[in-house]
Amino acid sequence: MKKTLRPLLLALCAATVTAFAADPAPQSTSPANPLGGKDAGAKPAAGQPRLIAWEELVPKDWDPMKEFKGMDLSKLEDGDPRANELLMKMQEASNNAPTNPAMNGIEIKLPGFIVPLEENKGEVTEFLLVPYFGACIHTPPPPANQIVHVRPRHGAKFRAMDTVWITGKLQTLRNDSMMGVSGYHVTAETVTKYTSGAK
């Protein structure tokens, strides 16, 4: 397989979040090492949002590679029509990645990276929240169940790939944008600068 096809396939295949480091630094994030790590922490106090990890947004029984098992990707070259067809199928599977219905309606706190969609007077008024640096900008978008569409109640003074905490009610609501397909939506009560831990 030629050099340009392999990174795209690997990025699309890296959908299942399984190995996490506790409290990773923003620059060391990846599909398998999202911002915030694996452990979501203790049960929240009454009236407080629940700190969640990105893996909780993925249904436990979802296997993104199920229909691609047994394929020998090393025999495909960039110009091969089968390679383009496979990429299209992988992107479609990623865009249609199922959400976790148990997360619908929960007041959550989640860290992530900003991918701006709309700005007004130097403030971000709509953005995608993604689990690792470069997603949707430098690499293909993550699966839809790893992208949260966010509309802050108040404009936020952040830029692309800034790390933030968001709080608000999580909804399983699909949204298509030019930067990626999101499976979740949050009208954010707060958007604050990320610090390690749940501060």
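**Close-up views of a predicted model**

**View 1. Valine 150 and its contacts.** Neighbours within four places in sequence aside, valine 150 is in contact with Glu126, Phe127, Leu129, Ile166, Val186 and Ala188. Contact means heavy atoms within 4.5 Å. This is a predicted model with residues numbered from 1 along each chain as its sequence is written, and side-chain values use heavy atoms, with hydrogens and water left out. Local features need pLDDT of at least 70, side-chain atom pairs count only at pLDDT 80 or more, and totals for chains, interfaces and linings use all residues. Valine 150 is found in strand β4. Strands (E, at least two residues) and helices (H or I, at least four) are DSSP runs, numbered from the N terminus. The relative accessible area of valine 150 is 0%, so valine 150 is buried. Buried means under 20% relative accessible area, exposed over 50%, and partly exposed in between (1.4 Å probe, protein chains only). From C-alpha to C-alpha, valine 150 and threonine 167 are 10.0 Å apart in space; in sequence they are 17 residues apart.

**View 2. The salt bridge of glutamate 126 and arginine 151.** These two side chains meet at 3.5 Å, N to O. A salt bridge is a side-chain nitrogen of Lys or Arg within 4 Å of a carboxyl oxygen of Asp or Glu. Glutamate 126 lies in strand β3 and arginine 151 in strand β4, so the pair ties together parts 25 residues apart in sequence. Glutamate 126 is buried, at 10% relative accessible area. Arginine 151 is partly exposed, at 41%.

**View 3. The salt bridge of arginine 153 and glutamate 189.** The N to O distance is 2.8 Å. The pair links distant parts of the chain, 36 residues apart. Arginine 153 is in the loop between β4 and β5 (163-171), and glutamate 189 is in strand β8 (residues 184-193). Glutamate 189 counts as partly exposed, at 41% relative accessibility.

**View 4. The salt bridge of glutamate 56 and arginine 50.** Here the side chains meet at 2.2 Å, N to O. Glutamate 56 is buried, with a relative accessible area of 19%. Arginine 50 is partly exposed, at 28%. The structure holds six salt bridges.

**View 5. Aromatic rings.** The whole structure has two aromatic pairs. One of them joins phenylalanine 113 and phenylalanine 133, edge-to-face, at 5.9 Å centre to centre and 80° between the planes. The pair links distant parts of the chain, 20 residues apart: phenylalanine 113 in strand β2 (residues 107-120), phenylalanine 133 in the loop between β3 (123-130) and β4 (148-152). Rings of Phe, Tyr and Trp (its six-membered ring) pair if their centres lie within 6.5 Å; planes under 30 degrees apart count as stacked, over 60 as edge-to-face and the rest as tilted. Phenylalanine 113 counts as buried at 1% relative accessibility, whereas phenylalanine 133 is partly exposed at 42%.

**View 6. Lysine 109 over tryptophan 165.** Lysine 109 lies over the ring face, at 5.0 Å from the ring centre. A charge sits over a ring if NZ of Lys or CZ of Arg is within 6 Å of the ring centre and within 35 degrees of the ring normal.

**View 7. Serine 182 in strand β7.** The strand covers residues 180-182. Serine 182 counts as buried, at 0% relative accessibility. Residues up to four places away in sequence not counted, serine 182 touches Leu128, Ala144, Ile147, Val148, His149, Leu173, Arg174 and Asn175.
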